[in-house]
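Biologist: Could you walk me through this one? I have not looked at it before.
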Amino acid sequence: ERGVVIAVDGPSGAGKSTISRALSKRLGYLEIDTGAMYRAMAWLAREAGLDFDNHQAVKAFSDHAEVELQLHNGSTRVLANGQDVTSEIRTPEISMLTSRISTLAPVREAMMSLQRKMGARGGVVLDGRDIGTVVFPDAEIKFFLSASAEERGRRRFLELQAKGVQTTLQETIDNVAQRDQQDSERELAPLRQADDAIPIDSTGLSIEQVIALMEQVY
Ligand code: C5P
């Protein structure tokens, strides 16, 4: 049995990756953190000093950049041109840069074709912003995970603190809000709930409670 495609979309800090990881483990599915792929592209772009306004340069960059998600002892490693960038891509600076680079068509096309390849056989949970609307519009199961802005900011802040990133709660809340606005207002593949997605508000819910809600669906 191959399994289906499960799309988990939603704003920053809604718990998408935590929930997707737990869900994929439970189902024996592959977890594809598409945000990590865009983050790796942002990291590479910064390394290369890419000029976002230079269309030709952006195209060449997107054609040659290599992003890979590698399953390693039950956790996912993110490789950018072969280099392990798993922790480097989690800084607030890279978050903001990612939100900018993900507006560019060649970057989105490259990531989308990679994601479609990785999910082609089913048995995958993909989390992102445009999975249910653009990347896998025919996904068998779609969730739209949200939470109050305050809770999302708080979760992100705790995550960053645990990773030793220097920031404040207010800065994190602002960062998350700014990114959501950019992601929702962009022209290409904006953050949007698919018509056939099941909305889940995770405010005040534990991981187990969210998974239990999801399991009522399949
Ligand atoms: O999910 P995460 O916060 O790691 O995503 C980082 C950024 O990558 C988002 O703010 C968004 O701009 C971009 N992204 C996207 N499409 C996806 C996943 C992430 O544009 N499918």
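Biologist: Which helices each supply at least two residues of the shell around the ligand?
Modeller: Bearing in mind that this is a predicted model, the helices that each supply at least two shell residues are α2 (34–48), α4 (92–101) and α8 (169–185).
Biologist: And which one gives the most to that shell?
Modeller: That is α2, which contributes four residues to the shell around the ligand.
Biologist: How many residues surround the ligand, and which are the closest?
Modeller: The ligand is surrounded by 16 residues, and the closest are Arg 39, Arg 108, Asp 130, Asp 183 and Arg 186; sorted by class, the shell holds nine charged, six polar and one nonpolar residue.
Biologist: What about Asp 183 and Arg 186, how far are their side chains from the ligand's oxygen atoms?
Modeller: An N or O atom in the Asp 183 side chain is 2.7 Å from an oxygen atom of the ligand, while for the side chain of Arg 186 the corresponding distance is 2.8 Å. Taken alone, the ligand exposes 450 Å², and the protein buries 98% of that.
Biologist: Where does the ligand sit?
Modeller: The ligand sits in the largest pocket.
Biologist: What lines the largest cavity?
Modeller: Its lining has 13 residues, with Arg 39, Arg 90, Ser 95, Arg 156 and Leu 160 lying nearest the centre, and α8 gives the most to this lining, with four residues.
Biologist: Which element gives the most to the lining of the second largest cavity?
Modeller: There it is β7, with three residues.

Note on methods:
Residues are numbered from 1 along each chain as its sequence is written. This is a predicted model: local features need pLDDT of at least 70, side-chain atom pairs count only at pLDDT 80 or more; totals for chains, interfaces and linings use all residues. Side-chain values use heavy atoms; hydrogens and water are left out. A residue is near a molecule or strand if one of its heavy atoms lies within 4 Å of it. A polar contact is a pair of N or O atoms within 3.5 Å; within protein, one must be able to donate a hydrogen and the other to accept it, and residues adjacent in sequence count only if both atoms are side-chain atoms. Accessible areas come from the Shrake-Rupley method with a 1.4 Å probe; for residues, only the protein chains shown count as cover. On a 1 Å grid over the protein atoms alone, a cavity is a set of points where a 1.4 Å probe fits but cannot get out, and a pocket is an open set with protein on both sides within 12 Å along at least five of seven lines; lining residues have an atom within 4 Å of a point. A molecule sits in a cavity or pocket if more than half of its atoms lie within 2 Å of its grid points. Ala, Val, Leu, Ile, Met, Phe, Trp, Tyr, Cys and Pro count as nonpolar, Asp, Glu, Lys and Arg as charged, and the others, Gly among them, as polar.
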